[in-house]
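Subject: Structure handover

Hello,

Here is the structure we talked about. My notes on what was found in it follow below.

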Amino acid sequence: MSKGKVYFYTLGCRVNQYETDAARELFISAGYEIVSDHQDADICIVNTCTVTGEADRKSRQHLRGLARLNPDAVIVAMGCASEMADGTVDADIVLGTRDKKELVNRVEAFLAQRNALTHKSSHSRPELTKTDVYHDFGTVVSPEGSRAFLKIQDGCNHFCTYCIIPFARGRVASRPRESIKEEVEQLAAAGFREVIVSGIEVCSYGADRGEGIEAFLGVLNDAADVPGIERIRLGSLEPSSLTEDFIEGIGRIRQMCPHFHLSLQSGSDTVLKRMNRKYDTALYMEKTELLRKQFPTMKLTTDIICGFPGETQEEFDETYEFVRKCGIDKVHVFPYSVRQGTRAASMKQVDGVAKKERTERLRKLSDEQEALYARKQLGKTHEVLVEQYLDYGDGSRYGTGYTREYVKAFFKVEGDEPEVGSIVEVEALEPYSLCLICKLI
Ligand code: SF4
């Protein structure tokens, strides 16, 4: 019999999702049941996000909403927004980013004492542990389709002026290499062919132990040595951390996917300076050239913040031109949003209309670049990791998945269906929006 029913709601980034998956495992091993409807739950857990003021507001809104809709449940706040919250958080239990492993114990201790409580109230933020030690959950299976996320580190040492993450998650804390390897082995044994190596700032892996980027390369080589792992995809990379040796090192890894997300944030050197980024556009360009030398067919993606405080029209135009000049194939465009507690929050803000207009222009350019990249794949052979099958009204059935370069591909099935999670060879026949229509080879 289950000890209770637990509902999770996750906001924010993929690292948060990974940690929710880890927390879910903790509850399952302790004898609880996971439910997808908050109304069935005895315990409601919100894994909060604080990356922008808006994310913070939504996190609080979810906590309040759950407490109202399910007044008998234990409400738990965990993650970045609860770490940063001053004063009160509307939850029975508040955990920050560094004590999530305590989750089940804290819930059980609370339940044991609950009879003594007369009513639910706002609880003050507890004293949070400030040590930056990697809190290892052990092996976590955190799938996204047929692929699995692999978290290798937490925290960041960079202190970009718009970002609250180093305050919310602390300094770099790296997961032990053995623990990472064990997780990759378990993922391979569970049938995953692709791992996505992620963290808050993966290039800093090992920095807390005084190691350089070769420690990150070591982790990637370990993963490549695990039988069954056919693809290794990297999460967001910091241009300033990449060295020629590292790029050559990943070039020797057969399973490395030629898809790199190299964080840019702005293509204007003056804006990069105000952001306290540790590179300029010349260095960014140099790193992309080194990557292209090793991975000539690579897809290059990035993040850009539009309307960062003080961004002039000229600075935005520099960004726009740089995206083109550098051959960036896809841009995740974020209009700047104030996050109180950061240095950028007190800088002169850009007018909302200009911000919107710049965001739209850049998104349009990104779509054009991405469509162009998809068209360049026509006539070529690709490996696709099968994610699912879809039936269409005309009776046809298509398999879908991603190529190694991370282009979504559709292929028609007429005979036997390759298994979901397997890798198939296809030929790209025609573009379909930003995707490819292919045929099985
Ligand atoms: S590198 Fe900058 S933007 Fe990224 S997490 Fe660190 S401080 Fe935030």
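Setting aside neighbours within four places in sequence, Ser263 is in contact (heavy atoms within 4.5 Å) with Ser236, Leu237, Glu238, Pro239, Arg277, Tyr279, Tyr284 and Thr302. This is a predicted model, in which local features need pLDDT of at least 70 and side-chain atom pairs count only at pLDDT 80 or more, while totals for chains, interfaces and linings use all residues. Residues are numbered from 1 along each chain as its sequence is written, and side-chain values use heavy atoms, with hydrogens and water left out.

Ser263 sits in the loop between strand E14 (259-261) and helix H9 (269-274); helices (H or I, at least four residues) and strands (E, at least two) are DSSP runs, numbered from the N terminus. With a relative accessible area of 3%, Ser263 is buried (buried is under 20% relative accessible area, exposed over 50%, partly exposed in between, with a 1.4 Å probe and protein chains only). Its side chain makes a polar contact of 2.8 Å with the side chain of Arg277. A polar contact is a pair of N or O atoms within 3.5 Å; within protein, one must be able to donate a hydrogen and the other to accept it, and residues adjacent in sequence count only if both atoms are side-chain atoms.

Arg277 and Glu238 are also among the residues around the ligand, where "around" means that a heavy atom of the residue lies within 4 Å.

Gln265 has a positive phi of about 75° although it is not a glycine. Most residues other than glycine have a negative phi. Ser433 also has a positive phi, of about 55°; Ser433 is in the loop between strand E20 (423-432) and strand E21 (435-440) and is exposed at 58%.

Next, the helices. H11 (residues 313-326) and H12 (residues 352-376) pack at an angle of about 10°, with their axes 11 Å apart; axes are lines fitted to C-alpha atoms, for helices over the stretch in contact, and angles run from 0 to 180 degrees between N-to-C directions. H11 is therefore roughly parallel to H12 (the term covers angles under 35 degrees). On the H11 side the contact includes Phe316, Tyr320 and Val323, and on the H12 side Leu362 and Leu365.

Glu315, in H11, is buried at 9% relative accessibility. The Glu315 side chain reaches the backbone nitrogen of Thr312 at 2.9 Å.

Nine of the 11 residues of helix H7 (residues 214-224) are buried, so H7 is largely enclosed by the rest of the structure. Its cover includes helix H6 (177-189), strand E12 (194-198), strand E13 (231-234) and helix H8 (244-251).

Finally, Tyr32 lies in the loop between helix H1 (14-29) and strand E2 (33-35) and is buried, with a relative accessible area of 7%. Its side chain and that of Glu108 are joined by a polar contact of 2.7 Å.

Regards

Note on methods. Parallel < 35°, antiparallel > 145°, perpendicular 65-115°, else oblique.
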